[in-house]
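Subject: Structure handover

Hi,

Here is the structure for you to look through. My notes on what turned up in it follow below.

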Amino acid sequence: MNRIDKCFEELKKSGSKALITFITAGDPDMDTTVSTALSMFENGADIIELGVPFSDPIAEGVTIQKSSLRSLNGGTTLDKIFGAVDRIREKTDKPLILMMYLNTIFVYGTEKFFSLCKEKGVDGVIVPDMPYEEREEILPYAEQYGVHNINLVSPASHERIKRIASDSTGFLYCVSSNGVTGVRSEFQTDFDKFFGIIRENASCPCCVGFGISSPEQAKKMASYCDGVIVGSAVVRIMEENGVNSPEPVGSFTKSLAEAIK
């Protein structure tokens with residue numbers, strides 16, 4: 001069983017919601033990436049997304065854009081990220097996801113990439129610039145190697161929500177608001193309506209992300225779905241603390257976990 005499926009199965013039995021956190025791999029360096037990921041797991045994160053830096057991260061706001069640039073300037077490569085996954089896997093068997101852009105997979109070699117995901121222990125990929133209708137670009141390889149291709153839906157998906165929700169595996173990434181990632185003080189989305197449609201059609205757990213930046217927001221958003229995803233708020237802590245990030249990120253993760261569980 002894929003680790004993501006196992007994770008949600010266990011959470012369902014205990015009546016808990018999933019906490020999914022994001023950091024940009026290689027920011028500020030790979031050692032800190034590994035230690036911070038482990039700190040998040042130790043403090044209540046159920047699944048971690050490792051962001052693969054990209055020159056044109058179109059789904060990202062300023063905070064993650066800047067972290068991606070810092071990582072690229074530091075010499076981060078996909079091979080180095082797989083090396084970090086190896087080191088994380090020495091300490092934990094909890095689910096790991098790569099959030100990345102489609103061209104990175106193409107340039108690396110699609111089958112080679114998914115083969116290494118299986119070998120190294122990457123359980124899923126999120127590719128925000130790949131339209132659902134073009135998923136066949138990678139889906140056969142993802143399925144061949146047992147890696148979940150995590151679909152995204154947003155309030156702007158409209159009628160496509162039904163189709164995407166009914167044809168998803170791992171979990172459905174529900175984008176909280178139209179726009180890019182980044183901390184938000186409030187949300188304009190009608191979540192009762194948005195998640196009502198999703199719930200009627202979803203074939204897997206549903207988690208919400210984009211803009212969640214505090215334990216209070218996380219608790220509120222968790223009431224609508226199976227889990228919450230927190231990225232920019234974590235990356236901002238890493239920007240402020242650099243190589244000393246594991247402790248403050250761990251403390252923030254703990255506060256989120258306590259709020260939703």
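Cys174 is buried, at 0% relative accessibility. Buried here means under 20% relative accessible area, exposed means over 50%, and partly exposed lies in between, with a 1.4 Å probe and protein chains only. This is a predicted model: local features need pLDDT of at least 70, side-chain atom pairs count only at pLDDT 80 or more, and totals for chains, interfaces and linings use all residues. Residues are numbered from 1 along each chain as its sequence is written, and side-chain values use heavy atoms, with hydrogens and water left out.

Now the cysteine pairing. The closest cysteine sulfur to that of Cys174 is in Cys206, 4.8 Å away, which is too far for a bond. Cys7 is also buried, at 10% relative accessibility. Its closest cysteine sulfur is in Cys207, at 8.8 Å, again too far for a bond.

Next, the rings. The whole structure holds 10 aromatic pairs. Rings of Phe, Tyr and Trp (its six-membered ring) pair if their centres lie within 6.5 Å; planes under 30 degrees apart are stacked, over 60 edge-to-face, and the rest tilted. One of the pairs is Phe82 with Phe113: the centres are 6.0 Å apart and the planes at 50°, so the pair is tilted. Phe82 is in helix α4 (residues 78–89) and Phe113 in helix α6 (residues 110–120), so the pair ties together parts 31 residues apart in sequence. Helices (H or I, at least four residues) are DSSP runs, numbered from the N terminus.

Two charges sit over rings. Lys112 lies over the face of Tyr108, 4.4 Å from the ring centre. The charged end of Arg135 is over the ring of Tyr132, at 3.9 Å from its centre. The test is NZ of Lys or CZ of Arg within 6 Å of the ring centre and within 35 degrees of the ring normal.

Last, helix packing. Helix α2 (residues 30–42) packs against helix α12 (residues 246–260) at about 25°, with the axes 8 Å apart. That makes α2 roughly parallel to α12 (angles under 35 degrees).

Best wishes

How values were computed
Helix = DSSP H or I, 4+ residues; strand = E, 2+ residues; numbered from the N terminus. Disulfide = S-S within 2.5 Å. Axes fitted to C-alpha atoms, helices over the stretch in contact; angles between N-to-C directions. Parallel < 35°, antiparallel > 145°, perpendicular 65-115°, else oblique.
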